[in-house]
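These are my notebook entries on a chain that I wanted to look through with some care. I set down what I looked up, entry by entry, beside the sequence and the structure.

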Amino acid sequence: MSQATELAAAAGSTDPKVGLRAVLALRRLLERLEVIQVDNARRQGWSWQEIADALEVSRQAVHKKHAGRPAVRDSWEA
C-alpha cells in the first residue's frame with residue numbers, strides 16, 4: 001500500500017489525533033503535487049488560464065499563488 005493510500009485511510013480514522021495528522025500530511029502532499037504539476041504545465045507552455053481551468057480556480061488565483069515562485073524540481077526527475 002502506498003503512503004498516500006495509507007494516509008487517506010488514516011484520515012477516516014475515528015481517532016481524531018490520527019485523522020487530523022493524516023489530513024495535515026495529505027494537505028502538505030497535495031500542495032507539493034500542485035507545485036510540481038503547475039511547474040510541469042508552465043514548462044510545457046500552458047497559459048495561466050489553462051492551468052486555472054484544470055484546477056477549477058480563477059486565473060488570478062493560480063497566478064497569485066504560483067507566479068514569481070522559483071520553479072521546483074520534482075523528486076521524480078533525474
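**Entry 1: L24 and the ground rules**

I began with L24, which is partly exposed at a relative accessible area of 31%; I use buried for under 20% relative accessible area, exposed for over 50%, and partly exposed for in between, with a 1.4 Å probe and protein chains only. I note that this is a predicted model, in which local features need pLDDT of at least 70 and side-chain atom pairs count only at pLDDT 80 or more, whereas totals for chains, interfaces and linings use all residues. Residues are numbered from 1 along each chain as its sequence is written, and side-chain values use heavy atoms, with hydrogens and water left out.

I placed L24 in helix α2, where helices are DSSP runs of H or I with at least four residues, and strands are runs of E with at least two, numbered from the N terminus.

**Entry 2: salt bridges**

How many salt bridges does the structure hold? I found 3, taking a salt bridge to be a side-chain nitrogen of Lys or Arg within 4 Å of a carboxyl oxygen of Asp or Glu.

I looked at E31 and K65, which form a salt bridge with their closest N and O atoms 3.0 Å apart. E31 is in helix α2 and K65 in helix α4, so this pair ties together parts that are 34 residues apart in sequence. Both ends are partly exposed, E31 with a relative accessible area of 34% and K65 with one of 41%.

I found that K65 also forms a salt bridge with E34, where the closest N and O atoms are 3.2 Å apart. Since K65 lies in helix α4 and E34 in helix α2, this pair ties together parts 31 residues apart in sequence. I recorded E34 as buried, with a relative accessible area of 19%.

I then turned to R69 and D39, whose salt bridge has its closest N and O atoms 2.9 Å apart. The pair links distant parts of the chain, with R69 in the segment after α4 and D39 in helix α2, 30 residues apart. R69 is partly exposed, with a relative accessible area of 23%, whereas D39 is buried at 7%. I also noted that E31, E34 and K65 are joined into one network by salt bridges that share partners.

**Entry 3: the positive patch**

Which residues gather in a patch of positive charge on the surface? I listed K17, R21, R27 and R28. For such a patch I take residues with over 30% relative accessible area and no salt bridge, and join like charges within 9 Å.

Of these, I placed R27 in helix α2, which covers residues 16–43, and R21 also in helix α2. R21 counts as exposed, at 60% relative accessibility. I looked up R21 against L7, 14 residues away in sequence, and found the C-alpha atoms 8.9 Å apart.

I followed this with E6, which I found in helix α1, residues 3–11, and which counts as partly exposed at 43% relative accessibility. The C-alpha atoms of E6 and A22 are separated by 8.8 Å, with the two residues 16 apart along the chain.

**Entry 4: A67**

I located A67 in the segment after α4, and recorded this residue as partly exposed, at 29% relative accessibility. When I set aside the neighbours within four places in sequence, I found A67 in contact with W48 and V62, contact meaning heavy atoms within 4.5 Å. From A67 to R27 I counted 40 residues in sequence and 21 Å in space, C-alpha to C-alpha.

**Entry 5: E56**

Where is E56 placed? I found E56 in the loop between α3 (48–55) and α4 (59–66), and recorded it as exposed, with a relative accessible area of 73%.

How values were computed: Patches are made of residues with over 30% relative accessible area and no salt bridge: like charges are joined within 9 Å, nonpolar side chains (Val, Leu, Ile, Met, Phe, Trp, Tyr) within 5 Å. Accessible areas come from the Shrake-Rupley method with a 1.4 Å probe; for residues, only the protein chains shown count as cover. Lys and Arg count as positive and Asp and Glu as negative; His and the chain ends are not counted. The place of a charge is taken as NZ of Lys, CZ of Arg, CG of Asp or CD of Glu.
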